[in-house]
Amino acid sequence: MQGTRAEPIPTLEEPLEVPAKRRRGWWIPGVLVLAALLAFILSRHNEEKQFLELLRQARPAWLLMAAACQVGTYLCVAGIWWMVLHRSRIKTSLWSLARLSLMKLAFDQVIPTGGVGGSLLVGRGLRREGANPGIAAGAVLLTVLCFYIAQALGVGVSLYFLWRKSELNDWIQWLVTGFGVVALIIPLGILWATRHREWKPGRFARRIPSLGTLLKAIAEVPPGMLLNPGLLARGVLLQLGVYVLDAATLGAMLQALGQEVPLSTVFVSFMVASMAETVSIIPGGVGTYEAASVGMLNLFGVPVEAALAGTLLLRGFTLWLPLLPGLYLLRHTFRRRPVPGGQAG
(Lines give C-alpha, C1' and ligand atoms only; values in the text may rest on other atoms or scores of the structure.)
Protein backbone atom coordinates (compact mmCIF):
# COMPACT_ATOMS: atom_id res chain seq x y z
CA MET A 1 0.00 0.00 0.00
CA GLN A 2 1.41 3.36 -0.99
CA GLY A 3 2.54 5.60 1.84
CA THR A 4 2.76 2.75 4.37
CA ARG A 5 6.01 1.11 5.33
CA ALA A 6 5.86 -2.65 4.94
CA GLU A 7 6.63 -4.59 8.10
CA PRO A 8 8.11 -8.10 7.91
CA ILE A 9 5.84 -11.08 8.35
CA PRO A 10 6.92 -13.46 11.16
CA THR A 11 8.96 -16.41 9.99
CA LEU A 12 8.66 -19.96 11.29
CA GLU A 13 11.45 -19.27 13.75
CA GLU A 14 10.99 -15.66 14.90
CA PRO A 15 8.90 -14.70 17.95
CA LEU A 16 5.40 -13.56 17.09
CA GLU A 17 4.51 -9.93 17.54
CA VAL A 18 0.86 -9.12 16.96
CA PRO A 19 0.55 -5.86 14.99
CA ALA A 20 -0.13 -2.86 17.19
CA LYS A 21 -1.22 0.74 16.74
CA ARG A 22 0.54 1.39 13.46
CA ARG A 23 -1.70 -1.13 11.73
CA ARG A 24 -4.94 0.58 12.76
CA GLY A 25 -4.72 3.09 9.95
CA TRP A 26 -5.14 0.32 7.38
CA TRP A 27 -8.81 0.03 8.37
CA ILE A 28 -9.71 3.69 7.73
CA PRO A 29 -10.39 3.47 3.93
CA GLY A 30 -12.57 0.39 4.36
CA VAL A 31 -14.52 1.89 7.24
CA LEU A 32 -15.14 5.04 5.17
CA VAL A 33 -16.39 2.98 2.22
CA LEU A 34 -18.65 0.96 4.51
CA ALA A 35 -19.98 4.10 6.19
CA ALA A 36 -20.70 5.68 2.81
CA LEU A 37 -22.54 2.52 1.70
CA LEU A 38 -24.64 2.50 4.85
CA ALA A 39 -25.42 6.21 4.58
CA PHE A 40 -26.44 5.87 0.92
CA ILE A 41 -28.75 2.91 1.45
CA LEU A 42 -30.34 4.01 4.72
CA SER A 43 -31.00 7.55 3.47
CA ARG A 44 -33.38 6.26 0.80
CA HIS A 45 -37.10 6.50 1.61
CA ASN A 46 -38.08 4.26 4.55
CA GLU A 47 -35.30 1.73 4.13
CA GLU A 48 -33.72 2.61 7.45
CA LYS A 49 -36.89 1.52 9.28
CA GLN A 50 -37.16 -1.61 7.14
CA PHE A 51 -33.50 -2.44 7.77
CA LEU A 52 -33.87 -2.16 11.56
CA GLU A 53 -37.14 -4.09 11.49
CA LEU A 54 -35.48 -6.93 9.57
CA LEU A 55 -32.72 -7.16 12.15
CA ARG A 56 -35.22 -7.07 15.01
CA GLN A 57 -37.26 -9.94 13.56
CA ALA A 58 -34.30 -12.16 12.67
CA ARG A 59 -35.07 -15.80 13.48
CA PRO A 60 -32.55 -17.26 15.98
CA ALA A 61 -32.71 -20.82 14.59
CA TRP A 62 -31.17 -19.72 11.30
CA LEU A 63 -28.50 -17.76 13.18
CA LEU A 64 -27.56 -20.93 15.06
CA MET A 65 -27.31 -22.78 11.75
CA ALA A 66 -25.03 -20.02 10.47
CA ALA A 67 -22.83 -20.42 13.55
CA ALA A 68 -22.60 -24.17 12.91
CA CYS A 69 -21.55 -23.50 9.31
CA GLN A 70 -18.78 -21.22 10.55
CA VAL A 71 -17.47 -23.89 12.91
CA GLY A 72 -17.34 -26.13 9.87
CA THR A 73 -15.16 -23.65 7.98
CA TYR A 74 -12.51 -23.72 10.71
CA LEU A 75 -12.56 -27.52 10.70
CA CYS A 76 -12.15 -27.61 6.91
CA VAL A 77 -9.07 -25.38 7.03
CA ALA A 78 -7.69 -27.36 9.95
CA GLY A 79 -8.33 -30.52 7.92
CA ILE A 80 -5.76 -29.44 5.33
CA TRP A 81 -3.07 -29.12 7.97
CA TRP A 82 -4.15 -32.32 9.74
CA MET A 83 -3.91 -34.17 6.42
CA VAL A 84 -0.30 -33.04 5.93
CA LEU A 85 0.72 -33.83 9.51
CA HIS A 86 -1.03 -37.22 9.42
CA ARG A 87 0.82 -38.06 6.19
CA SER A 88 4.06 -37.35 8.07
CA ARG A 89 2.95 -39.53 11.03
CA ILE A 90 2.54 -36.56 13.36
CA LYS A 91 -0.39 -37.04 15.72
CA THR A 92 -2.41 -33.95 16.60
CA SER A 93 -5.96 -32.88 17.39
CA LEU A 94 -8.23 -31.47 14.69
CA TRP A 95 -9.75 -29.12 17.27
CA SER A 96 -6.32 -27.82 18.21
CA LEU A 97 -5.66 -27.02 14.56
CA ALA A 98 -9.11 -25.39 14.31
CA ARG A 99 -8.02 -22.93 17.02
CA LEU A 100 -4.98 -22.23 14.88
CA SER A 101 -7.34 -21.57 11.97
CA LEU A 102 -9.12 -18.95 14.08
CA MET A 103 -5.80 -17.25 14.81
CA LYS A 104 -4.93 -17.25 11.10
CA LEU A 105 -8.21 -15.52 10.29
CA ALA A 106 -7.51 -12.79 12.84
CA PHE A 107 -3.97 -12.25 11.55
CA ASP A 108 -5.10 -12.06 7.92
CA GLN A 109 -7.69 -9.40 8.78
CA VAL A 110 -5.06 -7.23 10.48
CA ILE A 111 -2.34 -7.51 7.82
CA PRO A 112 -3.40 -7.63 4.13
CA THR A 113 -1.03 -10.11 2.45
CA GLY A 114 -3.46 -12.09 0.30
CA GLY A 115 -3.52 -14.87 2.91
CA VAL A 116 0.25 -15.48 2.74
CA GLY A 117 1.14 -13.76 6.02
CA GLY A 118 -1.40 -15.65 8.10
CA SER A 119 -0.38 -18.92 6.49
CA LEU A 120 3.25 -18.36 7.42
CA LEU A 121 2.17 -17.59 10.95
CA VAL A 122 0.40 -20.96 11.00
CA GLY A 123 3.80 -22.55 10.43
CA ARG A 124 4.78 -21.61 13.96
CA GLY A 125 1.67 -23.27 15.28
CA LEU A 126 2.39 -26.44 13.33
CA ARG A 127 5.92 -26.48 14.73
CA ARG A 128 4.34 -26.47 18.17
CA GLU A 129 2.33 -29.52 17.14
CA GLY A 130 5.56 -31.39 16.38
CA ALA A 131 6.18 -30.72 12.68
CA ASN A 132 9.70 -30.02 11.52
CA PRO A 133 10.39 -26.81 9.54
CA GLY A 134 10.00 -28.50 6.15
CA ILE A 135 6.65 -30.12 6.94
CA ALA A 136 5.32 -26.95 8.55
CA ALA A 137 6.39 -24.83 5.58
CA GLY A 138 4.86 -27.34 3.16
CA ALA A 139 1.55 -27.30 5.02
CA VAL A 140 1.22 -23.53 5.00
CA LEU A 141 2.22 -23.20 1.35
CA LEU A 142 -0.15 -26.01 0.36
CA THR A 143 -2.89 -23.99 2.09
CA VAL A 144 -2.04 -20.93 0.02
CA LEU A 145 -2.17 -22.94 -3.22
CA CYS A 146 -5.48 -24.55 -2.27
CA PHE A 147 -6.94 -21.17 -1.32
CA TYR A 148 -6.32 -19.63 -4.74
CA ILE A 149 -7.12 -22.74 -6.77
CA ALA A 150 -10.42 -23.28 -4.95
CA GLN A 151 -11.33 -19.61 -5.22
CA ALA A 152 -10.55 -19.62 -8.93
CA LEU A 153 -12.82 -22.67 -9.39
CA GLY A 154 -15.61 -21.00 -7.44
CA VAL A 155 -15.23 -17.78 -9.39
CA GLY A 156 -15.23 -19.74 -12.66
CA VAL A 157 -18.54 -21.40 -11.79
CA SER A 158 -19.98 -18.02 -10.80
CA LEU A 159 -18.85 -16.37 -14.03
CA TYR A 160 -20.49 -19.14 -16.07
CA PHE A 161 -23.72 -18.59 -14.12
CA LEU A 162 -23.57 -14.83 -14.72
CA TRP A 163 -22.84 -15.36 -18.42
CA ARG A 164 -25.86 -17.65 -18.73
CA LYS A 165 -27.98 -14.98 -17.06
CA SER A 166 -26.48 -12.20 -19.25
CA GLU A 167 -25.38 -10.36 -16.10
CA LEU A 168 -21.63 -10.26 -16.85
CA ASN A 169 -21.32 -6.46 -16.77
CA ASP A 170 -18.23 -4.25 -17.07
CA TRP A 171 -17.44 -3.84 -13.38
CA ILE A 172 -17.50 -7.60 -12.84
CA GLN A 173 -15.16 -8.07 -15.81
CA TRP A 174 -12.70 -5.53 -14.35
CA LEU A 175 -12.94 -7.28 -10.99
CA VAL A 176 -12.24 -10.63 -12.63
CA THR A 177 -9.18 -9.16 -14.36
CA GLY A 178 -7.72 -7.94 -11.06
CA PHE A 179 -8.51 -11.23 -9.35
CA GLY A 180 -6.98 -13.19 -12.21
CA VAL A 181 -3.68 -11.37 -11.80
CA VAL A 182 -3.53 -12.11 -8.06
CA ALA A 183 -4.80 -15.70 -8.41
CA LEU A 184 -2.19 -16.51 -11.06
CA ILE A 185 0.88 -14.69 -9.78
CA ILE A 186 0.95 -16.09 -6.24
CA PRO A 187 0.35 -19.83 -6.93
CA LEU A 188 2.51 -19.87 -10.08
CA GLY A 189 5.20 -17.94 -8.23
CA ILE A 190 5.22 -20.50 -5.43
CA LEU A 191 5.39 -23.43 -7.86
CA TRP A 192 8.15 -21.74 -9.88
CA ALA A 193 10.18 -21.13 -6.72
CA THR A 194 9.94 -24.81 -5.77
CA ARG A 195 11.83 -25.63 -8.98
CA HIS A 196 14.32 -22.74 -8.65
CA ARG A 197 15.25 -22.85 -4.99
CA GLU A 198 18.66 -21.35 -5.64
CA TRP A 199 17.12 -18.13 -7.04
CA LYS A 200 17.88 -14.99 -5.01
CA PRO A 201 15.67 -11.90 -5.49
CA GLY A 202 17.22 -8.51 -6.16
CA ARG A 203 17.13 -5.46 -3.92
CA PHE A 204 13.67 -4.54 -5.20
CA ALA A 205 12.24 -7.59 -3.44
CA ARG A 206 12.97 -6.09 -0.04
CA ARG A 207 9.99 -3.80 -0.55
CA ILE A 208 7.61 -6.73 -1.16
CA PRO A 209 6.10 -7.87 2.17
CA SER A 210 6.74 -11.53 3.10
CA LEU A 211 8.61 -12.40 -0.13
CA GLY A 212 11.89 -13.20 1.62
CA THR A 213 10.12 -15.29 4.24
CA LEU A 214 8.14 -17.09 1.55
CA LEU A 215 11.28 -18.03 -0.38
CA LYS A 216 12.96 -19.24 2.80
CA ALA A 217 9.94 -21.42 3.57
CA ILE A 218 9.88 -22.85 0.05
CA ALA A 219 13.52 -23.90 0.38
CA GLU A 220 12.57 -26.04 3.40
CA VAL A 221 9.63 -27.87 1.78
CA PRO A 222 10.26 -31.55 0.95
CA PRO A 223 10.64 -31.97 -2.85
CA GLY A 224 7.39 -32.81 -4.63
CA MET A 225 5.16 -32.17 -1.62
CA LEU A 226 3.34 -29.16 -3.11
CA LEU A 227 2.72 -31.02 -6.38
CA ASN A 228 1.47 -34.22 -4.75
CA PRO A 229 -1.82 -34.84 -6.63
CA GLY A 230 -3.55 -36.50 -3.70
CA LEU A 231 -2.68 -33.79 -1.18
CA LEU A 232 -3.51 -30.99 -3.61
CA ALA A 233 -6.86 -32.47 -4.67
CA ARG A 234 -8.04 -33.12 -1.11
CA GLY A 235 -6.82 -29.72 0.02
CA VAL A 236 -8.72 -27.98 -2.78
CA LEU A 237 -11.87 -29.92 -1.89
CA LEU A 238 -11.57 -28.87 1.74
CA GLN A 239 -11.04 -25.24 0.73
CA LEU A 240 -14.06 -25.44 -1.58
CA GLY A 241 -15.93 -26.68 1.47
CA VAL A 242 -15.01 -23.44 3.22
CA TYR A 243 -16.55 -21.38 0.40
CA VAL A 244 -19.69 -23.53 0.34
CA LEU A 245 -20.12 -23.21 4.11
CA ASP A 246 -19.50 -19.45 3.99
CA ALA A 247 -22.09 -19.11 1.23
CA ALA A 248 -24.45 -21.28 3.28
CA THR A 249 -23.90 -18.86 6.17
CA LEU A 250 -25.01 -15.98 3.96
CA GLY A 251 -28.03 -18.02 2.87
CA ALA A 252 -28.91 -18.73 6.51
CA MET A 253 -28.68 -15.02 7.30
CA LEU A 254 -31.09 -14.18 4.49
CA GLN A 255 -33.44 -16.95 5.65
CA ALA A 256 -33.28 -15.52 9.16
CA LEU A 257 -34.47 -12.22 7.68
CA GLY A 258 -37.36 -13.93 5.89
CA GLN A 259 -35.80 -13.91 2.41
CA GLU A 260 -36.20 -16.97 0.19
CA VAL A 261 -33.14 -16.76 -2.07
CA PRO A 262 -31.99 -19.55 -4.45
CA LEU A 263 -28.76 -21.25 -3.42
CA SER A 264 -27.19 -20.44 -6.80
CA THR A 265 -27.82 -16.72 -6.27
CA VAL A 266 -26.33 -16.83 -2.78
CA PHE A 267 -23.21 -18.71 -3.91
CA VAL A 268 -22.55 -16.44 -6.90
CA SER A 269 -23.07 -13.30 -4.81
CA PHE A 270 -20.73 -14.62 -2.14
CA MET A 271 -17.99 -15.59 -4.62
CA VAL A 272 -18.07 -12.20 -6.39
CA ALA A 273 -17.83 -10.44 -3.01
CA SER A 274 -15.01 -12.81 -2.01
CA MET A 275 -13.23 -11.94 -5.24
CA ALA A 276 -13.56 -8.23 -4.38
CA GLU A 277 -12.10 -8.94 -0.95
CA THR A 278 -9.10 -10.75 -2.45
CA VAL A 279 -8.12 -7.90 -4.80
CA SER A 280 -8.72 -5.23 -2.15
CA ILE A 281 -5.71 -3.72 -0.36
CA ILE A 282 -7.88 -3.09 2.70
CA PRO A 283 -7.62 -5.66 5.53
CA GLY A 284 -10.56 -8.05 5.35
CA GLY A 285 -11.89 -6.20 2.31
CA VAL A 286 -13.93 -4.01 4.66
CA GLY A 287 -16.27 -1.85 2.59
CA THR A 288 -15.43 -3.43 -0.77
CA TYR A 289 -16.81 -6.83 0.27
CA GLU A 290 -20.04 -5.35 1.60
CA ALA A 291 -20.57 -3.20 -1.49
CA ALA A 292 -20.02 -6.15 -3.85
CA SER A 293 -22.27 -8.48 -1.84
CA VAL A 294 -25.14 -5.99 -1.56
CA GLY A 295 -24.82 -5.08 -5.24
CA MET A 296 -24.89 -8.70 -6.42
CA LEU A 297 -27.80 -9.74 -4.20
CA ASN A 298 -29.80 -6.69 -5.28
CA LEU A 299 -28.96 -7.47 -8.91
CA PHE A 300 -30.75 -10.81 -8.47
CA GLY A 301 -33.82 -9.25 -6.88
CA VAL A 302 -33.08 -9.26 -3.16
CA PRO A 303 -34.36 -6.01 -1.58
CA VAL A 304 -31.45 -3.72 -0.84
CA GLU A 305 -32.20 -3.42 2.87
CA ALA A 306 -32.37 -7.23 3.20
CA ALA A 307 -29.16 -7.63 1.18
CA LEU A 308 -27.40 -5.14 3.46
CA ALA A 309 -28.71 -6.71 6.67
CA GLY A 310 -27.78 -10.22 5.52
CA THR A 311 -24.31 -9.13 4.46
CA LEU A 312 -23.62 -7.31 7.72
CA LEU A 313 -24.80 -10.32 9.72
CA LEU A 314 -22.52 -12.54 7.64
CA ARG A 315 -19.56 -10.24 8.23
CA GLY A 316 -20.33 -10.20 11.92
CA PHE A 317 -20.06 -14.00 12.03
CA THR A 318 -17.07 -14.34 9.69
CA LEU A 319 -14.99 -11.27 10.54
CA TRP A 320 -15.92 -9.24 13.58
CA LEU A 321 -16.95 -11.90 16.12
CA PRO A 322 -13.92 -14.20 15.49
CA LEU A 323 -11.50 -11.25 15.48
CA LEU A 324 -11.43 -10.65 19.24
CA PRO A 325 -10.91 -14.28 20.36
CA GLY A 326 -8.48 -14.76 17.49
CA LEU A 327 -6.34 -11.81 18.54
CA TYR A 328 -6.52 -12.94 22.17
CA LEU A 329 -5.23 -16.38 21.21
CA LEU A 330 -2.51 -14.79 19.08
CA ARG A 331 -1.24 -12.68 21.96
CA HIS A 332 -1.15 -15.52 24.47
CA THR A 333 -0.64 -18.82 22.66
CA PHE A 334 2.65 -18.01 20.91
CA ARG A 335 4.27 -16.23 23.85
CA ARG A 336 3.94 -18.94 26.45
CA ARG A 337 6.80 -21.19 25.39
CA PRO A 338 9.35 -21.47 22.57
CA VAL A 339 8.66 -23.50 19.46
CA PRO A 340 10.06 -27.03 19.77
CA GLY A 341 12.60 -28.33 17.32
CA GLY A 342 10.00 -30.62 15.75
CA GLN A 343 10.28 -34.20 14.72
CA ALA A 344 11.30 -35.55 11.44
CA GLY A 345 8.54 -35.87 8.86
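From the N terminus on, the elements of the protein run α-α-α-α-α-α-α-α-α-α-α-α. Helices (H or I, at least four residues) and strands (E, at least two) are DSSP runs, numbered from the N terminus. The model is predicted: local features need pLDDT of at least 70, side-chain atom pairs count only at pLDDT 80 or more, and totals for chains, interfaces and linings use all residues. Residues are numbered from 1 along each chain as its sequence is written, and side-chain values use heavy atoms, with hydrogens and water left out.

Of the 345 residues in the protein, 52% are buried (under 20% relative accessible area; exposed is over 50%, partly exposed in between; 1.4 Å probe, protein chains only). Among contacts (heavy atoms within 4.5 Å) with a separation of 6 or more, 80% join residues 24 or more positions apart. The protein exposes about 16,500 Å², by the Shrake-Rupley method with a 1.4 Å probe. Carbon and sulfur atoms supply 64% of that area.

Two helix pairs were examined. The axes of H7 (residues 170-195) and H10 (residues 263-279) come within 9 Å and cross at roughly 55°. Axes are lines fitted to C-alpha atoms, for helices over the stretch in contact, and angles run from 0 to 180 degrees between N-to-C directions. H7 is therefore oblique to H10 (under 35 degrees is roughly parallel, over 145 roughly antiparallel, 65 to 115 roughly perpendicular, the rest oblique). The crossing of H7 and H10 is left-handed (the near helix is turned anticlockwise from the far one by less than a right angle; clockwise is right-handed). H7 contributes Trp171, Leu175, Val176, Gly178, Phe179 and Val182 to the contact, and H10 contributes Val272, Met275, Ala276, Thr278 and Val279. By class, nine of these residues are nonpolar, two are polar and none is charged. Ala, Val, Leu, Ile, Met, Phe, Trp, Tyr, Cys and Pro count as nonpolar, Asp, Glu, Lys and Arg as charged, and the others, Gly among them, as polar.

The axes of H9 (residues 229-256) and H12 (residues 304-333) also come within 9 Å, crossing at roughly 130°. H9 is therefore oblique to H12. Their crossing is right-handed. Asp246, Thr249, Leu250, Met253 and Leu254 in H9 meet Ala306, Gly310, Thr311, Leu313, Leu314, Phe317 and Thr318 in H12. This contact has seven nonpolar, four polar and one charged residue.

Arg89 lies in the loop between H3 (60-87) and H4 (94-110). Its phi is near 60°, a positive value in a residue other than glycine. Arg89 counts as exposed, at 73% relative accessibility.
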